[in-house]
Amino acid sequence: MATLLGFDYGPRKIGIAVGQTVTASASPLTTLRSRDRRPDWEGIAGLIREWQPNALVVGLPYNMDDTEAEWAEAAKRFARQLHGRFGLAVHLVDERLTSREARRQLGRAATSLAVVDAMAARLILETWLCEQA
């Protein structure tokens with residue numbers, strides 16, 4: 001069984017989820033706020049220490065016409081930084097429509113963007129896990 005952390009990267013906040021390969025399922029964990037437009041590396045390091053993941057998954061934003069969204073390069077940079085800082089394999093997966101689906105699943109529970117971002121991270125991670133099955 002492998003444990004993974006999934007990330008819904010944004011310049012102001014990053015939704016994070018944890019999942020594992022046996023059931024190909026994930027759960028939302030938290031949303032970390034960026035500081036001065038930089039990821040909360042201490043917060044991320046704490047989650048990596050706590051969960052001891054085998055790999056990380058970062059959502060890559062695409063437009064509906066299959067082109068990369070304008071912030072895709074920032075997500076790729078974040079993925080490279082994760083790999084460089086923590087030495088773990090980092091996988092990219094299409095995150096198209098995950099925030100919309102997270103809002104739909106949460107319904108009235110979607111009271112804050114932080115909850116939506118963590119749920120989107122769950123969907124990103126589950127997408128990758130299902131693609132590996």
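User: What do the buried residues of α2 pack against?

Analyst: The buried residues of α2 pack against β1 (3–8), β2 (13–20), α1 (41–51), β4 (55–60) and β5 (89–94), where contact means heavy atoms within 4.5 Å. The helices (H or I, at least four residues) and strands (E, at least two) are DSSP runs numbered from the N terminus. This is a predicted model, in which local features need pLDDT of at least 70 and side-chain atom pairs count only at pLDDT 80 or more, while totals for chains, interfaces and linings use all residues. Residues are numbered from 1 along each chain as its sequence is written, and side-chain values use heavy atoms, with hydrogens and water left out.

User: And which residues of α2 are the buried ones?

Analyst: They are Ala72, Ala75, Lys76, Phe78, Ala79 and Leu82, with buried meaning under 20% relative accessible area, exposed over 50%, and partly exposed in between (1.4 Å probe, protein chains only). Viewed down the axis of α2, these buried residues fall within an arc of 155°, so they line one face of the helix; the arc is that of the directions from the helix axis to the C-beta atoms. Arg77, Arg80 and Gly84 are exposed on the other side of α2.

User: Why would residues three or four places apart point the same way?

Analyst: An α-helix has 3.6 residues a turn, so residues with that spacing point the same way.

User: How far apart are the end C-alpha atoms of α2, and what follows the helix?

Analyst: The end C-alpha atoms of α2 (residues 72–86) are 21 Å apart, which agrees with the 21 Å that its 15 residues should span at 1.5 Å a residue; the expected span is 1.5 Å times one less than the number of residues. After α2 comes Gly87, whose phi is positive, near 65°.

User: Switching to the sheet, what is the strand order?

Analyst: The sheet is open and has five strands in the order β3-β2-β1-β4-β5, with mixed pairing; two strands count as paired if DSSP finds at least two bridges between them. β3 (25–33) and β5 stand at the edges with a single partner strand each, so one side of each is left without a neighbour in the sheet. Direction ignored, neighbouring strands are turned by 25° against each other on average.

User: Which helices lie on it, and at what angles?

Analyst: α1 packs on the sheet, touching β1, β2, β3 and β4, and its direction makes about 150° with that of β3. α2 lies across β1, β2, β4 and β5 and runs at about 170° to β4. For these angles, axes are lines fitted to C-alpha atoms, for helices over the stretch in contact, and the values run from 0 to 180 degrees between N-to-C directions.

User: How is β1 paired, parallel or antiparallel?

Analyst: β1 runs parallel to β4, joined to it by four bridges, and Gly6 stands opposite Val57 in β4. With β2 the pairing is antiparallel over six bridges, and there Phe7 has Ile16 as its bridge partner. β1 and β2 also form a hairpin, with four residues between them.

User: And how much of β1 is buried?

Analyst: Six of the six residues of β1 are buried, so the strand is largely enclosed by the rest of the structure. Both faces are covered, with Thr3, Leu5 and Phe7 buried on one side and Leu4, Gly6 and Asp8 buried on the other.

User: New topic: how many salt bridges turn up?

Analyst: A search of the whole structure finds five, a salt bridge being a side-chain nitrogen of Lys or Arg within 4 Å of a carboxyl oxygen of Asp or Glu. One of them joins Lys13 to Asp117, with the closest N and O atoms 3.0 Å apart. That pair links distant parts of the chain, Lys13 in strand β2 and Asp117 in helix α4 (residues 113–132), 104 residues apart, and both residues are buried.
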